[in-house]
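Here is a short briefing to read beside the model.

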Amino acid sequence: MKKPFVDAQTLHKIAAQYGTPFHLYDEKGIRANARRLHQAFAWNPGFKEYFAVKATPNPAILQILREEGCGVDCATYTELLLAEKLGYQGREIMFSSNMTPLQDFEQAHRMRAIINLDDLTDVEYIEKLPSIPEIVCLRYNPGGNFSISNEIMDTPGEAKYGMTRPQLNLAIERLLELGVREFGLHAFLASNTTTNEYYPTLAKILFELVRDLQAETGAHFTLVNLSGGIGVPYHPSEEPADIMAIGAGVERAFNEVLAPAGLGHLAVVAELGRFMLAPYGHLIAKAIRRKEIYKDYIGLDACAADLMRPAMYGAYHHISIAGKEDFPHDHIYDVVGGLCENNDKFAVNRRLPRIELGDLVVIHDTGAHGFSMGYNYNGKLRSAEVLLKSDGSTELIRRAETPEDYFATLMLPTPSLRL
Ligand SMILES: *Cc1c(COP(=O)(O)O)cnc(C)c1O
């Protein structure tokens with residue numbers, strides 16, 4: 001059974017201090033998980049996890065991960081600025097973007113980030129930089145379907161990312177002419193998958209491709225980027241990915257393909273987001289309204305503006321009612337927010353204990369792609385973020401938005417309209 005990482009009594013104290021709703025993060029869980037990941041890939045001396053900043057762009061979270069040895073994976077100018085303010089530089093930063101404006105490449109280059117090219121036409125942007133980067137990574141898209149043991153995992157042929165196989169050769173040839181000395185290869189072929197086979201399958205594809213590309217072009221490859229995609233069990237019936245088995249599977253592919261090709265020096269790197277953070281975040285909300293019509297509704301003080309995944313993908317997020325984890329689950333509710341959008345539902349037909357107004361509702365696995373997808377529809381203000389530290393104390397790591405924040409970008413015509 002899925003249980004919150006914090007007990008009900010503590011949670012009520014935290015809620016009384018900060019007010020609901022808020023996202024709560026579990027430092028202890030984040031650190032332990034990051035350590036397991038590094039242990040799983042300890043066989044590769046160059047291994048580095050570049051945390052996908054978009055998943056949880058909060059400096060306190062990035063700092064914890066940095067202390068655990070992680071760099072950052074940025075995709076935009078603003079994410080790069082955030083990394084720059086936090087002092088990241090050089091090969092601590094992966095820049096994996098798409099449809100990229102020149103300004104973004106220029107910023108990545110100023111920071112000496114590893115630039116990961118999404119397209120053949122990106123090579124022209126490299127030519128426009130004030131100097132040629134030492135290392136360039138290339139993103140591959142094999143097209144078609146991506147299958148593991150006959151099961152279709154995803155459809156790269158429908159994805160806007162990456163280059164075709166012939167385009168990789170063209171990009172490398174041109175980049176060699178420009179003086180690029182080191183190359184990396186990247187692909188992201190399936191999202192949120194808990195199968196232990198994903199990374200090893202992807203690794204084998206990329207390792208073989210590196211071997212072939214190096215033989216065809218003479219380019220010197222130094223890294224393979226397995227990107228993100230390792231999932232988490234959002235539903236209690238799902239099994240978590242076994243990161244030790246995943247690391248061992250990648251090692252097997254490495255020994256099978258790269259070591260015999262004289263490529264045993266290659267660094268294997270990752271850009272995980274969800275796997276690093278999702279289980280270690282909860283959205284904490286309060287039940288504020290009850291409504292009984294054709295169905296029974298519980299209204300929360302949080303809404304899809306705080307967590308978009310259910311509305312956007314119909315994603316399942318487990319819900320606990322603080323202190324009632326062991327109560328009989330004998331009521332069926334739709335648990336909803338207050339947006340004027342009927343998809344603003346955290347749960348539909350969910351079997352839960354009877355909920356009283358004032359109960360704290362814990363929405364699980366919101367640590368990645370939760371707060372960061374938030375938006376301001378209906379004038380809803382984004383919530384606070386709170387860190388539950390390893391020593392049991394808490395810290396406000398982002399305040400909740402106020403109406404002033406909502407008004408800040410408006411060009412209000414007269415002073416009387418200002419707040
Ligand atoms: C979103 C993204 C990631 C992280 O994906 P997760 O599913 O959170 O692991 C990594 N790399 C790139 C390029 C991405 O777009």
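**Ligand site and cysteines**

The side chain of Lys54 places an N or O atom 2.7 Å from an oxygen atom of the ligand. Taken alone, the ligand exposes 380 Å², and the protein buries 90% of that. The model is predicted.

**Ligand contacts**

- The side chain of Ser227 also takes part: one of its N or O atoms is 3.2 Å from a nitrogen atom of the ligand.
- Gly229 uses its backbone, with a polar atom 3.0 Å from an oxygen atom of the ligand.

**Ligand surroundings**

- The ligand is surrounded by 14 residues.
- The closest of them are Lys54, Gly229, Glu271, Arg274 and His369.
- Sorted by class, this shell holds six polar, five charged and three nonpolar residues.
- The ligand takes up the space of the largest pocket.

- Cys303 is in no disulfide, and the nearest cysteine sulfur, that of Cys340, is 10 Å away.
- Cys340 is likewise in no disulfide; its nearest cysteine sulfur is that of Cys303, at 10 Å.
- Cys303 has 3% relative accessibility, so this residue counts as buried, the limit being under 20%.
- Cys340 has a relative accessible area of 62%, so this residue is exposed, the limit being over 50%.

Note on methods
Residues are numbered from 1 along each chain as its sequence is written. This is a predicted model: local features need pLDDT of at least 70, side-chain atom pairs count only at pLDDT 80 or more; totals for chains, interfaces and linings use all residues. Side-chain values use heavy atoms; hydrogens and water are left out. A residue is near a molecule or strand if one of its heavy atoms lies within 4 Å of it. A polar contact is a pair of N or O atoms within 3.5 Å; within protein, one must be able to donate a hydrogen and the other to accept it, and residues adjacent in sequence count only if both atoms are side-chain atoms. Accessible areas come from the Shrake-Rupley method with a 1.4 Å probe; for residues, only the protein chains shown count as cover. On a 1 Å grid over the protein atoms alone, a cavity is a set of points where a 1.4 Å probe fits but cannot get out, and a pocket is an open set with protein on both sides within 12 Å along at least five of seven lines; lining residues have an atom within 4 Å of a point. A molecule sits in a cavity or pocket if more than half of its atoms lie within 2 Å of its grid points. Ala, Val, Leu, Ile, Met, Phe, Trp, Tyr, Cys and Pro count as nonpolar, Asp, Glu, Lys and Arg as charged, and the others, Gly among them, as polar. A disulfide is a pair of cysteine sulfur atoms within 2.5 Å. Buried means under 20% relative accessible area, exposed over 50%, partly exposed in between (1.4 Å probe, protein chains only).
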